[in-house]
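Please read the following report alongside the sequence and the model.

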Amino acid sequence: MEKKMTYSQALENAIAKFDEGSEVAERLIALKASIDKKNSSHSKVMTKTQKQNVGIKAHLAEICKEKQMTATEITKCYNALADDEITIQRVSALLKQMVDENIVKREFVNKRAWFQAV
């Protein structure tokens, strides 16, 4: 699979087409510098919600370890066991992430999604 060209790479190619002292080249260089600055400032630290989700995912994996359950059943079990309540939408989103990470497997039976820890 071919890697897509970034804006920074495209600007480098455009800058190469113009004379070094031209006004257009100077504007493109300034634009490239601002894009590079913006891209370098992205934080690699997890947000508060992301840190919370790590703990919730571990708890969800424990809940669905024993048998196959639907997202609704998992939500009810989590809310009964945990101090805080979470919504079915949040559980569904976290379960999807867990399926992508191969922590949980999803199986469709009669048009219903069933989840079980791997």
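## Charged pairs

At 47% relative accessibility, lysine 96 counts as partly exposed, where buried means under 20% relative accessible area, exposed over 50%, and partly exposed in between, with a 1.4 Å probe and protein chains only. This is a predicted model, in which local features need pLDDT of at least 70 and side-chain atom pairs count only at pLDDT 80 or more, while totals for chains, interfaces and linings use all residues. Residues are numbered from 1 along each chain as its sequence is written, and side-chain values use heavy atoms, with hydrogens and water left out. The side chain of lysine 96 meets that of aspartate 100 in a salt bridge, at 3.3 Å from N to O; the term stands for a side-chain nitrogen of Lys or Arg within 4 Å of a carboxyl oxygen of Asp or Glu. Because aspartate 100 and lysine 96 are four residues apart in helix H5, about one helical turn separates them; helices (H or I, at least four residues) and strands (E, at least two) are DSSP runs, numbered from the N terminus. Aspartate 100 is exposed, with a relative accessible area of 53%.

Salt bridges that share partners also join Glu12, Lys32 and Asp36 into one network. Within it, the side chains of aspartate 36 and lysine 32 meet in a salt bridge of 2.7 Å, N to O, and both residues lie in helix H2 (residues 23-40), four residues apart, or about one turn of the helix. Lysine 32 is buried, with a relative accessible area of 16%, whereas aspartate 36, at 30%, counts as partly exposed. Elsewhere, lysine 65, which is partly exposed at 47% relative accessibility, forms a salt bridge with glutamate 62, and the closest N and O atoms of that pair are 3.4 Å apart. By this rule the count comes to five salt bridges.

## How H3 and H5 pack

Two packed helices are described by the angle between their axes and the distance between the axes. The axes of helix H3 (residues 48-63) and helix H5 (residues 88-100) come within 10 Å and cross at roughly 80°; here axes are lines fitted to C-alpha atoms, for helices over the stretch in contact, and angles run from 0 to 180 degrees between N-to-C directions. H3 and H5 are therefore roughly perpendicular to each other, given that angles of 65 to 115 degrees count as roughly perpendicular, under 35 as roughly parallel, over 145 as roughly antiparallel and the rest as oblique.

Which residues of H3 and H5 meet? On the H3 side they are Thr49, Gln52, Asn53, Ile56, Lys57, Leu60 and Ala61, and on the H5 side Arg90, Val91, Leu94, Gln97 and Met98, contact meaning heavy atoms within 4.5 Å. By class, this contact has six nonpolar, four polar and two charged residues, with Ala, Val, Leu, Ile, Met, Phe, Trp, Tyr, Cys and Pro counted as nonpolar, Asp, Glu, Lys and Arg as charged, and the others, Gly among them, as polar.

## The nonpolar core

In soluble globular proteins, nonpolar side chains tend to be buried together. The largest nonpolar core has 19 residues, of which Leu60, Ile74, Tyr78, Leu95 and Phe115 touch the most other members; such a core is a set of buried Ala, Val, Leu, Ile, Met, Phe, Trp, Tyr and Cys residues joined through side-chain atoms within 4.5 Å. The elements that give two or more residues to this core are H3, helix H4 (71-81), H5 and strand S2 (112-117), and H5 gives the most, with five residues. Leaving aside neighbours within four places in sequence, tyrosine 78 is in contact with Ile56, His59, Leu60, Ile63, Asp84 and Ile86.

Alanine 61 has its place in helix H3 and counts as buried at 15% relative accessibility. Not counting residues up to four places away in sequence, alanine 61 touches Met98, Ile103 and Ala117. The C-alpha atoms of alanine 61 and phenylalanine 115 are separated by 9.5 Å, although the two are 54 residues apart along the chain.

Threonine 75, placed in helix H4, is buried, with a relative accessible area of 7%. With neighbours within four places in sequence again left aside, threonine 75 is in contact with Ile86, Thr87, Ile88 and Val91.

## Positive phi in two loops

Most residues other than glycine have a negative phi. Asparagine 102 has a positive phi of about 60° although it is not a glycine; asparagine 102 lies in the loop between H5 and strand S1 (104-109) and is exposed, with a relative accessible area of 61%. Lysine 111, found in the loop between S1 and S2, also has a positive phi, near 65°, and counts as exposed at 84% relative accessibility.
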